[in-house]
Amino acid sequence: MPPAPPGRRPPGHRPDDRPYRPLTAFFRPPPPGAGPRDPRDRSDAMPRQTHRPAEETLWYRRPADGFLEALPLGNGRFGAMAYGGVRTERIELNADTLWSGGPGPHDRAGAAEHLPALRTAVLRDRDHARAHAIAATHFSGPDAEAYQPLATLLLTFPPGAADDPADYRRALDLDEAVHTVEFTAGAVRHRRESFVSAPAGVLVVRLRTDTPGALSFRASLTTPHPAARPELDPATGTLSVRGRAPARLPRRAGEPVTYRTDQGTGFAAALRVRTADGRVGGDDGAIDVTAADEAVLLIAVGTGYRDWRQRPDGPEAALAEAHRWLDGADGQDFDTLRAAHTADHRRLFGAAALRLHGPAEAARRPTGERLAAANAGAEDPGLAALLFAYGRYLLIASSRPGTQPANLQGIWNNDVTPPWNSDWTSNINLQMNYWPAETTGLAECHQPLLDLVADLAEAGRSTARAHYGAPGWCCHHNVDIWRATGPVSGDPVWAHWPMAGPWLAAHLWDHHLFHGDRAHLADRVYPVMREAARFLTHLLAEAPDGTLVTCPSTSPEHHFRLPDGTLAAVDAGCTLDHWLAAELLDNTVAAARELGVDHEWAAELTAVRARLRRPSLAADGRLLEWRDDLPEEDPGHRHLSHLYGLYPGSAVDPLGDDTLLDPARRALDRRLAHGGGGTGWSLAWVAALAARLGDGALAGQAVQRLLETSIAPNLLDLHPPQLFQIDGNFGITAAIAETLLQSHNGVLRLLPALPPSWPGGDVRGLRARGGLTVGLSWRRGVLTGAELRAARDTLIDLHLPERGGHPVLTDQAGRLVAAALAPGDGRRLRARLRAGSRYRLSYPEPDVGH
């Protein structure tokens, strides 16, 4: 509902003469010396609701009917999905370290013995069918384990207390990371606020009414895992549930999930309730609150996970962890908890923001109605800004320093056997989760992925030896919390792809390009890259023409057809592998030179790099996916692996080496002409590729198509058929940033691919390689100004969008800064910036209006 006019209270708000009494602990008396409250003190009265800007809020007029309508909260470690029910509120709970199974071994003993036969089949005999069979028979290992649900908090309200609700509104405030529910029932206004605090480590839920004694409910905890039942500790008033995750998931269709009393990661959820007035009681199954003015619930979760190398602890250790979180939060009142939570979240979320100008009427609609209207043709560029903000919100909520990385579903899952095990799929999806981390000012949230890569560099040594007889480390397409790095069971088209290491190592190098921390490069980045390069040099084999190709090689999840019509996947030197190999070799050499180490090794890598086989072109000029023009299983396949060199890589560069720019464009056009971009994450990749091509129209169309086909009512990304997969949320956030700012290969491009459907807007807080923070404004599709902030002394090479007028660069005192236009290119501006200073780029003439 809109804000109330001045001088009027929205319906149901507390009368001025009805203050709340202070909270008291569950089963505890008020503190000593607490006396009657001054009736004039209204410091904690139910506040009038204020509405956030449309690009910072998701809101709805009814409760969620299912997971794809519920709204996510999280602190990286602890996830919660709130449904906003009236008679029953449901909040599903997750912990980032609750997975099935346990530590390895995961590798296939003796696999390397079959590598020579596989290479002979591919390189000498060109017998793809035999190579495929060897990979399937001798290289596959156990499947990855699955991320697990933990418990569900249920708040049940008595009949009549929530019948026929009016003025219902539930909302997720992205700026504060707070979920609210408001409605009126029986002349009583109800309000709930929920958040998962990173500082306190708990889920906090406050329930209030505007009528004395009108709040009554039962709080209970359930779990989908068997042999776990709630317990109430009367000494502390703590309700808890605990148990174990599955010891093993089904390996074949029809098999049951395996639980054991002495195996599987222990878990626990624990709840405490604090009330103002009213009565609190309960039994082993629930806590009952009756006739209260308000109640605050503190919920904590814990697991028995210790380390990927160690057998996990059981439920007792998990419950002890949950109690520690509760004990730490129990001494803080609601306002203190909320203030600390909001400040912590805003420190990250407030680092960047995007505003796209559009009709005010569109922005006032509830999110679901707004999405439907836009898909029916209504103009609403602000939805793209909302997607951008939501992607950043989700990364903050699912990935913090010290936590596990965001998985296929972030940290939100309510299924014991989730789609694709809700694991880390490292042939695009895991990496896409972190595409926006650096460019949108969330480098801190990148850390869990960088930590995971360090673990995989250790775990992957045994896989490199067992499967390839190679030094260094490698990783295939599925990773779980136990750091499995080998090929999983099933078709080699997905299982036998050993190039995840180079792709993941690219994140380490990119982080360095943004921040330039040489100590971090020496200690954390270069050792991992060096060992990934050692493995790569052993994966490379000499082709008949004398060039070097990866062998075995697959293009992720895409078959080619053999002359007899059957499908195969195992080849040598697919195009994705070329981009990854060349990039890793180049970056490792660059890191060694920057650090002044391993001179001979760097020279060897340079020589290897020079022998890599170049990508192939088809007769029609398009970039091929494999080294030969093999018939594709699906010309419109969702993976765009052969275009990695354009994005997220930068080898194909419109302003640098553009030799393969047109072939890449032709390859993308072919994919799209055959129905490519059929999933949310694939459309996000299309949008990013279009941005690198400078095609703002295609980028905008990809964003719009994602909204139309691959976004749930709660704006979570979808994979057919209607399955939640969070990578598209992160990928589209990165793609939107890429349309506005690019910083590849030493050139800073402003508005390189602005969609025509976003004619006016402002963005602040975008990050560029070299330690730059950038803000931009544009009107009628034309850049009107830019702000630059340098974290270190740097020489910038600016590529400006086409427009009239002459750009002027000034410092924070308004003084002109010496800047030179590149010879023969009026759109290239070079200037030297000083660390810690702010600069403004403007166009005094002509005035393009507003």
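Tutor: The residue comes before the whole chain in what follows. The model is predicted: local features need pLDDT of at least 70 and side-chain atom pairs count only at pLDDT 80 or more, while totals for chains, interfaces and linings use all residues. Residues are numbered from 1 along each chain as its sequence is written, and side-chain values use heavy atoms, with hydrogens and water left out.

Take glutamine 404, which sits in the loop between α7 (382–398) and β18 (424–425). Helices (H or I, at least four residues) and strands (E, at least two) are DSSP runs, numbered from the N terminus. Glutamine 404 counts as buried because its relative accessibility is 8%; buried means under 20% relative accessible area, exposed over 50%, and partly exposed in between (1.4 Å probe, protein chains only).

Contact means heavy atoms within 4.5 Å. Leaving aside residues up to four places away in sequence, glutamine 404 touches Asp96, Thr97, Tyr305, Ser398, Trp424, Pro448, Ile481 and Arg483. With arginine 483, the side chain of glutamine 404 also forms a polar contact of 3.0 Å. A polar contact is a pair of N or O atoms within 3.5 Å; within protein, one must be able to donate a hydrogen and the other to accept it, and residues adjacent in sequence count only if both atoms are side-chain atoms.

Now the whole chain. It holds 19 helices and 35 strands, and 61% of its 850 residues count as buried. Among contacts with a separation of 6 or more, 71% join residues 24 or more positions apart. The C-alpha atoms fill a box of roughly 90 × 75 × 50 Å, taken along the principal axes.
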